[in-house]
Amino acid sequence: MESTAHAFKENVGHALADPNLQDSLAKLKVGFSERRRQAAERLPEFEALRDRARDIKNHTLAHLDFYLEEFERKVIGLGGHVHWAPTAADARRIIAELCQSVNARTVAKSKSMVAEEIALNEHLEALGIAPIETDLGEYIIQLRHEPPSHIIAPAVHLTKDQVADTFLEHHAKLGFDKRLTERNDLVAEARYVLRQKFLDADVGLTGANFLVAETGSSMLVTNEGNADLSNTLPRMHIVLASIEKVIPTLEDAAVLLRVLARSATGQESSAYTTLNTGPKRHEDLDGPEQYHVVLLDNGRSSVLGTEMQDILRCIRCGACMNHCPVYGAVGGHAYGWVYPGPMGAVLTPQLVGVEEASNLPNASTFCGRCESVCPVRIPLPKLMRHWREREFEKHLTPKAVRQGLAMWSFAARRPALYRRLTAMANRVLALFGRADGRYRTLPLAGGWTRFRDFPAPQPGGTFHARWAKRKA
Amino acid sequence: MSDATSSARAQILGGIRRSLRRGELTGEDRSAVAKRLADPPRGPSVARGQLPQAEKVALFCQWAETLNATVARVGPAEVPGEVSAYLARNNLPANVAMAPSPLLEGYDWAGQKMLSIRRGRGQGSDQVSVTGAFAGIAETGTVVMATGPDHPVSLNLLPDTHVVVLRESDIVGGYEDVWGRLRARYGKDLMPRTVNTITGPSRTGDIEQTIELGAHGPRRMHILVVRD
């Protein structure tokens, strides 16, 4: 999809003024995060598992070439195929060719953020191949021609009534011409409509939560069962996964699974965790005849060994965005591309360029909640700060901010000057009165005071002055 | 391997090695990782599932019910009768698609006059399936399905109602115990095409974050935990 990350500020303006979105976000703030807290408390080993999950991912990244080759060897040994895609364009071409090799007209897709990253649907549609999103949330937003607004709950920005309108508009021609009002009726209607599409699809395309090097398996975690239908019924199963999804062994998967569902939705376990290994065996009664894994790099290998490497540990649980005050206020679309929230603020500049996405790492108060809940302990605020530094080095920071920072830095490196300036500012502000400890308006600071008060200086001078007095 | 594939492969692996500032892993470094792969270290053990067998069974049942499955604890002779009774209790059709599994042989299905049984893979029109289970996981009330000629995957997914027959002795503590059993049965590094681990019925929270059961897979899961 086309990035609008550069227009973050305008996007935010729209998001804050959208009452449906604000209703949905209000639910998100209490839903996911509270359930995660309870799930973590129910498992005394949770923190130890997070440490281990971090270590497993670090170990894998340090030996990524080895584990990818092992994974490939196992897949080929079982009659599957592995395709290496250095870029998004390579992955699109490989998948299109595979679909064309079986004259596919429809592809049953189960939710994949990597497929969003490479804009696969648009590419297939242009070739006359219809991708059908089967995850309920993805299906809803596909009908509405919207991008996902959350990595695990793509339609979280919509209300039930919006879904009802969308279904009526698109399902009426299938004979469903009554507007539904109950959630379970909406789910049942989507189940009925999509069931036939599963049975008719020529190709099933899924992502992967993990690729297990030990066995050559792709591992997929879902609640709906749509991914399992996608990888069972059509005659070709294509797995699209980025290279950092590989992990060494099933034992490592056990650790990661225990932190994944709890961090994502607060579930003890997702409903379906499935390992697929190769194509159907000769004597099996069902399953795909062909099994293909497309390994996408798209810039990830160049992140290894840099100060940003930690982001490659990400297991896409969404906990960082569920706990982020900025995401909670503006939702996912404002971030302007595929990955929103704190992990998106770190990954997007990497994938689309810091020039395009420099607003995102600035959309953080550095409150640290994302890092405190990350199941693989990614230091997200630190990584966002790295991007801010790179932005500054590349002279992308707005002129007013650069000049302000330059002035501050000039003063801060000269303690005597700094003390004189702050003492002066303190006295100037005091002219406006200290009545109730804050100012509702202040000359030249309208941008600040429009939304919040400005604190008034305390009596007794600056902190430095009071500290000196106290020590004396 | 075509030229395009091998050069793309070399490009990615070469890029990784450049970033890691080393060549292909060799010598001791390589054997250390190979050893980790051959003899996988376990993660922190989870105390919840480490129990005597009888308590594991109880914990399995408790979690399965908490996570929206229903459970009936029965003796071997009661299995076919419980399947019929469950379907009748819930006004469900008595036509069932059954896995052609040795785990389900030895039960007196013929004694259930009301049941009409078809053995084979699942079909889009199936209302009810009956399958065995490779294992149960006490830690989360999860059933594990290893697919093969005796257990088509489609039976786990297509019907509205999935009835699972699970022997008490197949209930283990955690995932690691399942991996051990899979390796013992299929060989180290060898997996059946599909292993489904399933925890309760299919569900979605995609509309207003409110859980609804029966998104794409079964709306109901009934587990018969069989004494052996």
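What percentage of the 228 residues of chain B count as buried? The share is 47%, where a buried residue has 20 or more other C-beta atoms within 10 Å of its own, an exposed one 12 or fewer, and a partly exposed one a count in between, with C-beta atoms placed from the backbone. This is a predicted model, in which local features need pLDDT of at least 70, side-chain atom pairs count only at pLDDT 80 or more, and totals for chains, interfaces and linings use all residues. Residues are numbered from 1 along each chain as its sequence is written, while chains are lettered from A and ligands numbered from 1 in the order in which they are written.

**Chain B**

- Chain B contains six helices and 12 strands; helices (H or I, at least four residues) and strands (E, at least two) are DSSP runs, numbered from the N terminus.
- Chain B is more spread out than a compact globule, because its radius of gyration is 22 Å, well over the 17 Å that the globule rule gives for 228 residues. The radius is taken over C-alpha atoms, and the rule is 2.2 Å times the number of residues to the power 0.38.
- The C-alpha trace of chain B spans about 70 × 45 × 40 Å along its principal axes.
- Among the contacts in chain B with a separation of 6 or more, 73% join residues 24 or more positions apart; two residues are in contact if their C-beta atoms, placed from the backbone, lie within 7 Å.

**Contact between chains A and B**

- Chain A contributes 80 residues to the contact and chain B contributes 66 residues.
- On the side of chain A that touches chain B, helix H10 (residues 183-200) of chain A supplies the largest share, eight residues.
- That side of chain A has 32 nonpolar, 26 polar and 22 charged residues. Ala, Val, Leu, Ile, Met, Phe, Trp, Tyr, Cys and Pro count as nonpolar, Asp, Glu, Lys and Arg as charged, and the others, Gly among them, as polar.

**Helix packing in chain A**

- Helix H3 (residues 46-62) of chain A packs against helix H12 (residues 250-264) of chain A at an angle of about 120 degrees, with the axes 9 Å apart. Axes are lines fitted to C-alpha atoms, for helices over the stretch in contact, and angles run from 0 to 180 degrees between N-to-C directions.
- This angle makes H3(A) oblique to H12(A); under 35 degrees counts as roughly parallel, over 145 as roughly antiparallel, 65 to 115 as roughly perpendicular and the rest as oblique.
- The residues in the contact of H3(A) with H12(A) comprise seven nonpolar, no polar and five charged. Those from H3(A) include A:Phe46 and A:Arg50, and those from H12(A) include A:Asp252 and A:Val255.
- Helix H15 (residues 341-352) of chain A and H18(A) pack at an angle of about 35 degrees, with their axes 9 Å apart.
- The contact of H15(A) with H18(A) is made by nine nonpolar residues, with no polar and no charged ones. Among them are A:Met343 of H15(A) and A:Trp387 of H18(A).

**Individual loop residues in chain A**

- A:His145 lies in the loop between helix H8 (136-143) and helix H9 (160-171) of chain A. Its phi is positive, about 55 degrees, although it is not a glycine, and A:His145 counts as exposed because it has 6 C-beta neighbours inside 10 Å.
- A:Arg377 is in the loop between helix H17 (369-373) and helix H18 (380-393) of chain A. A:Arg377 has a positive phi near 50 degrees and counts as partly exposed, with 19 C-beta neighbours inside 10 Å.
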